Every structure is written in structure tokens, then in C-alpha cells.
Amino acid sequence: MKRLLLTLVAFAAAVAVALCSELNCKVEVNVSRTETMPADVARQLQEAISEYVNTTSFTELRIAPGERIDCRMFIDVESYADEKVTAVLTVQSTRPVYDSSYTTTLLNVKDSEVEFTYSPGQPLVFARDAVDSDLTALLDFYVYLIMAVDSDSFAPDGGTPFYEAASQIVSLARAAGGKGWRAIDSPRNRASLLAALTEQPTTSFRRMIYDYHRRGLDIMTVSPDKGRAAIGRTLSQLRELASQSPMTPLVGLFRDAKLDELTGVYSKASDDERREAVALLTTLYPSESAVIEKIKNPQK
């Protein structure tokens, strides 16, 4: 009997790993900016999205609950009419830093070109290699983007299969129409962001993600100077990338995820390190003088 019980427990654990979603995602739907979406519809939408992203297995990877990626999706509804939703979506994801209790932000993306249809009670169905609806296309895209950037932060080009999945969604959704799926329409929409991450001359940003995290943050508990030096090199590489591609959305992607964090990275740096970082960041982000000043003078 005891052996049977242990076998059942082991089987249940294996099934849990096999069926576990890749994400641990907090979802929030905000309707404070509009009176057109009833509260019960907002609640149903929030619950439907939360269930979808937290229970769907988007890959064939075997993910243990403790390995799920922590993330957040904040949907700020602007209008709701005839079951059509117009909103701003903010997507954030984090990952733990090796041998510490600190978590670092990987993504902090705001998408202002969000439109989808939603009917109360509408099931959200994951369809591999297909687009079931404009809402699931949007969610699938960001799920794969989250996994891609997370994987890139642990291994060089580790996110490639997830970028490929996101690219397929862009192709399918673009054919169906809708905002945000054509890079030609805006240099800042989701299609342009994906293109910047996966096409020349800006794919080097993906290696910067790895260097910043694995060679930088992850070793700072053991060797702060060595880790900080690696992060400094990524800033130099980012400036070079920005000079080659002034319109790339990747400079803003880095700013929104990392600029505040850099105040802590350089809080115990030498004067020379801080001066170099300040010079690089001032070139990249001339309007962010308040944050950069905290790096220049960490006591303030």
C-alpha cells in the first residue's frame, strides 16, 4: 500500500510538471479610464486571461512550478463597444539573480496599439501554429516574448525557438489585420520590437541581454567589480547599436527595464566607473538626467 501511494504521488508530480504553464503571471484589468466596460465584464476578462496564461502549456518543455517565469500583464481599458476592446497593455517580467534574493526586471513593455474582441464567457483556446482569436494572438505573442528574453538572459541565443514562435504569430495576425502587427506602421509597435530583436543589424542586443545578466548581475555577489565591468561593456555596446540604428526600439526597451537598476549597480563603483557610465547613459538618454544624476552622485 505504501509503495502504491508513493507511486501515485510520483505520478502526480510528473503530471504536474508536464502540464505546468511556463508562466506565473499576475493579470489585472483596469477600467478606471472608461465607463463603457461593466465591472462584471472586466472581471470575467481578467479571470479568462489569467487562467489562459497560467494554465496553458505553450511549449513541450517540462516545467516545474518553481521554474515558472514571474511576470505581470496590466490591461488598461480605454473603450469597450460592440465587444471590441481598445486598451494599453503593459507587460513586465523578472528573473532571479544567481546566489541572491534579488530579482531583476527583464521586460517592461507598454503596448498602446491593443485592440481585440471579447464576449463575456468567451473561452480562450490555445491553437499551436494557428491564431484562434485576436486576443489569444496578443497573449501568445507576449508569452513567447517573455520566454525568449528570459532564455536569452541565461544562454547565448537561448531564446531563438521562442522568437520563432512569436514571429509566426506576427505573420498569422498580420494576415488577419489589426493594429500592431505590421512593422511598417510604427517603429515602436510589437512587430517592430520583434524585428529589432531578430533581424540585423540589431540582433546583437540579444547577446547584450546574456552578458548583462550572466556575466554581469549573476556574478556580482561573488565579484562585484567583474560583474560591473561586464555591465559597463554592455552599455558601450548599446551606445554603438544606437548610433547604427537610431530608430531602434531596443534602446527604449533597455531603459524601461534597466535604468533604475543601474543606480544600484553603480552605487559602490569607483569614480572613474561612474563617470564612464554617466557619459554613456547621458548620450543614450539625455532626458533622463534625474536618474543619471543618482548614478553620478549616489549619496543623493
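In which handed crossing does H6 pass H7? Keep that in mind; we'll get there at the last stop.

**Before you click**

You're looking at a predicted model, where local features need pLDDT of at least 70, side-chain atom pairs count only at pLDDT 80 or more, and totals for chains, interfaces and linings use all residues. Residues are numbered from 1 along each chain as its sequence is written, and side-chain values use heavy atoms, with hydrogens and water left out.

**Stop 1**

Select strand S1 (23-30), strand S2 (69-81), strand S3 (residues 84-96) and strand S4 (103-117). They form an open sheet of 4 strands in the order S1-S2-S3-S4, with mixed pairing (two strands pair if DSSP finds at least two bridges between them). Strands of a sheet pair through backbone hydrogen bonds, either parallel or antiparallel. S1 and S4 stand at the edges with a single partner strand each, so one side of each has no neighbour in the sheet. Going from one strand to the next, the twist averages 15 degrees.

Now keep S2 and S3 on screen: they're antiparallel, with 10 bridges. Find Ser79, whose bridge partner in S3 is Thr86. Then pick Asp82, in the loop between S2 and S3. This hairpin has 2 residues between the strands, and Asp82 has a phi near 55 degrees, a positive value in a residue other than glycine. Most residues other than glycine have a negative phi, and most peptide bonds are trans.

Val91 stands opposite Val109 in S4, and Thr94 has Thr105 in S4 as its bridge partner. The hairpin here has 6 residues between the strands, and Asp99 takes a positive phi near 60 degrees.

**Stop 2**

Angles here run from 0 to 180 degrees between N-to-C directions, and axes are lines fitted to C-alpha atoms, for helices over the stretch in contact. Two packed helices are described by the angle between their axes and the distance between the axes.

Next, bring in helix H4 (160-176). H3 and H4 pack at about 155 degrees with their axes 8 Å apart. That makes H3 roughly antiparallel to H4 (under 35 degrees counts as roughly parallel, over 145 as roughly antiparallel, 65 to 115 as roughly perpendicular and the rest as oblique). Residues in this contact include Phe141, Tyr144 and Leu145 of H3 and Phe162, Ile169 and Val170 of H4. By class, the contact has 14 nonpolar, 1 polar and 2 charged residues (Ala, Val, Leu, Ile, Met, Phe, Trp, Tyr, Cys and Pro count as nonpolar; Asp, Glu, Lys and Arg as charged; the others, Gly among them, as polar).

Now show helix H5 (190-198). The axes of H3 and H5 come within 12 Å and cross at roughly 25 degrees, which means H3 is roughly parallel to H5.

**Stop 3: a ring pair**

Select Phe141 again, this time with Trp181. Their rings form an edge-to-face pair, 5.8 Å centre to centre with 85 degrees between the planes. (Rings of Phe, Tyr and Trp, using its six-membered ring, pair if their centres lie within 6.5 Å; planes under 30 degrees apart are stacked, over 60 edge-to-face and the rest tilted.) Phe141 is in H3 and Trp181 in the loop between H4 and H5, so the pair ties together parts 40 residues apart in sequence.

**Stop 4**

Move to Pro201, in the loop between H5 and H6. A cis peptide bond joins Gln200 and Pro201, with omega about 10 degrees.

Finally, select helix H6 (residues 204-214) and helix H7 (residues 224-244), which pack at about 165 degrees with axes 9 Å apart. That makes H6 roughly antiparallel to H7. And the opening question? H6 passes H7 in a left-handed crossing (the near helix is turned anticlockwise from the far one by less than a right angle; clockwise would be right-handed). Among the residues touching are Phe205 and Met208 of H6 and Ile231 and Leu238 of H7.

Conventions. Contact means heavy atoms within 4.5 Å.
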